[in-house]
Amino acid sequence: MRRRAVLGAIGSVALALASGGAFAQDTVKVGLILPMTGPFASTGRQIEAAVKLYMAQHGTTVAGKKIELIVKDDTGVADVTKRLAQELVVNDKVAFLAGFGLTPLALATAPIATEAKVPQIIMAAGTSIITERSPFIVRTSFTLPQNTLPIADWAAKNGLKKVVTLVTDFGPGLDAEKTFEELFTKAGGTVPEKLRVPLRNPDFAPFLQRAADAKPDALFVFVPSGAGSAVMKQFAERGLDKAGIKLIGTGDVTDDDILNDMGDVALGAITSHHYSTAHNSPENKAFVEAFRKAAGGMRPNFMAVGGWDGMHLIYQALTKTAGKTDGEALVAAMKGMAWTSPRGPISIDPATREIVQNVYVRKVERVDGQLFNVEFATFEAVKDPAKAAK
Amino acid sequence: MTSRHWEWVFWIAAIAIPLLFPSKLLLINEIAILALFALSLDLLLGYAGIVSLGHAAFFGVGAYAAGLLAKHGLTEPVSGLLLASAAAAVIGFLSSFLVLRGSDLTRLMVTMGVALMLLEVANRFDTITGGADGLQGVTMGPLLGLFRFDLYGRTACAYSLTTLLVLFLVARRIVRSPFGLSLRAIKGNRLRATAVGVPADARLVTVYTIAAAYAGAAGALLAQTTQFVSLDVLDFHRSADVLLVLVLGGSGYLYGGLIGAAIFKLMQDGLAAWTPQYWQFWIGLVLVLIVMIGRERLSAGARRIWARLARQHAGEQPS
């Protein structure tokens with residue numbers, strides 16, 4: 001008797017849950033999976049704020065459909081990302097999967113996108129191969145080879161002969177290392193040491209010491225968003241700045257989100273990147289102002305702009321398909337799409353579903369008492385060089 | 001109801017819940033895997049009294065072994081599971097001799113050290129393991145040649161729950177055997193156990209190897225059902241999480257790990273959906289409360305309430 005009562009209770013709870021799961025046909029759900037906690041939480045915070053801002057400014061109705069955003073925290077752990085993506089597809093019937101803070105998280109989800117035929121919008125991860133892993137992946141962030149090309153060119157043309165590379169030991173880091181070495185040695189420079197720091201709990205000090213011992217003209221650095229301040233701090237502690245070693249890299253190391261707290265050691269660092277908070281355009285001024293107001297004074301960084309443009313891509317694709325959520329039609333609609341982002345003119349390469357964008361060479365300077373990446377040269381409409389080479 | 005009745009209720013519920021909540025199969029799969037992992041640690045901690053902060057080592061070995069086997073041709077899940085579990089057992093056997101030495105504190109450090117070393121090895125040999133990007137290209141064949149691993153997690157869930165049930169029954173047999181009783185004697189007082197003729201060292205090596213095989217099976221299940229392996233399977237937080245699970249559920253009676261795993265995952269899933277940014281705060285708060293109030297008092301309270309309900313029920317409907 002008692003057992004039947006228990007089973008009855010379980011049954012009624014199940015029914016209640018099942019009926020709550022019903023949803024109206026005219027909503028389009030977007031599943032946003034981000035690292036909201038853990039070491040890469042800053043990436044999640046930036047993207048979530050940008051996506052919510054976009055929705056606040058552009059309304060939540062597109063082509064007659066109501067857009068519903070579902071945010072999930074994957075803590076930066078790949079099997080969780082995959083499970084969340086699977087649940088979003090199966091239970092919530094999302095029309096888009098978006099976010100993906102790190103390369104392994106994006107790669108783990110790729111088979112889900114392919115099997116479920118759901119577009120997967122990469123708003124952050126930057127390894128070149130990601131878009132090749134599923135025909136449903138479209139990227140609005142950047143690729144490391146794309147961002148490395150201009151700084152390698154700048155270094156070779158500005159009298160740097162010997163450069164040590166220091167990268168985080170995973171997909172994007174290896175991409176950056178490879179691209180930099182190839183281009184820089186082709187232009188006549190040498191790379192005497194290639195240092196790789198683990199992704200989790202990195203301690204940069206011993207690596208920086210080895211870099212200092214090699215006495216290079218400059219140190220090329222790639223670290224994921226959020227890890228830049230530790231590099232800067234230890235760069236100064238180990239006296240590399242006083243030894244006359246220049247700091248160059250992709251813009252991830254002088255991440256706008258944390259740049260201002262790095263202090264004077266960051267001054268003069270030369271990086272190349274697709275976005276700077278200080279980018280001079282009316283679109284960007286409006287974006288930065290609105291973002292700061294919405295996110296409690298936080299500066300938008302390149303993660304925020306990736307999220308913003310990802311959401312724009314989703315809205316535009318839905319408009320183009322007149323609200324139809326067939327995955328293949330949506331991806332077809334995204335191919336070749338072009339618009340002016342806060343970062344400048346961008347487009348989606350129809351052949352590779354990869355972003356094509358301007359990459360800027362910038363120098364850290366003090367403007368109105370705050371540190372900014374000030375752009376001084378532009379490489380226009382850069383395609384991912386790793387794919388162009390194939 | 002006797003404890004035998006309880007066990008029936010528990011397992012009927014474990015089989016009924018996936019049927020009642022078809023939208024939560026993936027989560028249930030994760031719970032079953034974590035439960036198996038916790039069961040493995042319970043064999044060590046609850047029965048042999050060996051504390052470990054590096055149990056993820058064997059979980060990770062199992063996961064990588066299963067992943068690599070599948071990637072290089074052996075896509076049949078059950079044989080993959082057995083081989084991966086055996087691989088973890090070998091590593092467990094070899095490292096057990098380190099664990100025999102020293103007190104609890106040394107054991108904590110040694111187990112943690114072994115896990116960290118394996119993590120670094122997996123990171124270093126990225127041509128084999130895929131390093132921090134994870135092992136790509138793992139595709140599993142259909143289970144028993146019939147059921148393919150679907151997007152809804154039906155096969156995955158059934159596979160993991162069945163494995164959990166089978167291995168649980170084996171564990172139940174082990175701890176009730178003379179071998180299991182001798183482990184308790186060693187846990188109670190190693191010196192006295194040796195004095196009455198229990199070969200303490202050999203017994204500890206055996207149970208450590210068995211526990212490693214169990215953890216390896218859990219890791220293999222994760223690799224096979226998600227068809228993906230990343231360095232994270234060896235990460236310190238896995239070892240810490242599984243210890244938390246045992247703290248939540250209680251150790252030394254086998255069901256603790258299972259109940260703890262369900263509470264931990266449900267709490268994590270519920271809180272993370274409710275507040276993706278701050279859920280870790282609430283988990284922390286719950287843990288502190290459990291430690292302060294004491295699980296015994298909580299479960300005693302639950303038993304009292306249950307008993308009262310049962311009395312009322314019995315009073316209304318004498319059956």
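This is a predicted model: local features need pLDDT of at least 70, side-chain atom pairs count only at pLDDT 80 or more; totals for chains, interfaces and linings use all residues.

Trainee: Which domains does the assignment give for chain A?

Mentor: Domain 1 of chain A covers 25-142 + 281-353, and domain 2 covers 145-273 + 359-388. Taken over C-alpha atoms, their centres are 27 Å apart.

Trainee: How many residues of the two domains of chain A are in contact?

Mentor: On the domain 1 side there are 18 residues, and they contact 19 residues of domain 2 of chain A. Helices α2 (41-58), α4 (103-116) and α11 (302-320) of chain A each supply at least two residues of that domain 1 side. The most come from α2(A), with three residues. By type, the domain 1 side splits into seven nonpolar, nine polar and two charged residues.

Trainee: Now helices. What describes two packed helices?

Mentor: The angle between their axes and the distance between the axes. In chain B, α3 (residues 56-71) packs with α10 (residues 200-226) at about 45 degrees, the axes being 6 Å apart.

Trainee: Are α3(B) and α10(B) parallel or oblique to each other?

Mentor: With that angle, α3(B) and α10(B) are therefore oblique. Their crossing is right-handed.

Trainee: Which residues meet there, in α3(B) and α10(B)?

Mentor: Among them are B:Phe58, B:Gly60 and B:Ala63 in α3(B), and B:Ala212, B:Gly216 and B:Leu222 in α10(B). This contact has 14 nonpolar residues, six polar and no charged.

Trainee: And what is the mean pLDDT of chain B?

Mentor: It's 85, and 94% of the residues of chain B reach 70 or more.

Notes. Residues are numbered from 1 along each chain as its sequence is written. Chains are lettered from A and ligands numbered from 1 in the order in which they are written. pLDDT is the predictor's confidence in each residue, from 0 to 100. Axes are lines fitted to C-alpha atoms, for helices over the stretch in contact, and angles run from 0 to 180 degrees between N-to-C directions. Helices (H or I, at least four residues) and strands (E, at least two) are DSSP runs, numbered from the N terminus. Angles under 35 degrees count as roughly parallel, over 145 as roughly antiparallel, 65 to 115 as roughly perpendicular and the rest as oblique. A crossing is left-handed if the near helix is turned anticlockwise from the far one by less than a right angle, and right-handed if clockwise. Two residues are in contact if their C-beta atoms, placed from the backbone, lie within 7 Å. Ala, Val, Leu, Ile, Met, Phe, Trp, Tyr, Cys and Pro count as nonpolar, Asp, Glu, Lys and Arg as charged, and the others, Gly among them, as polar. Domain bounds come from an automatic or database domain assignment.
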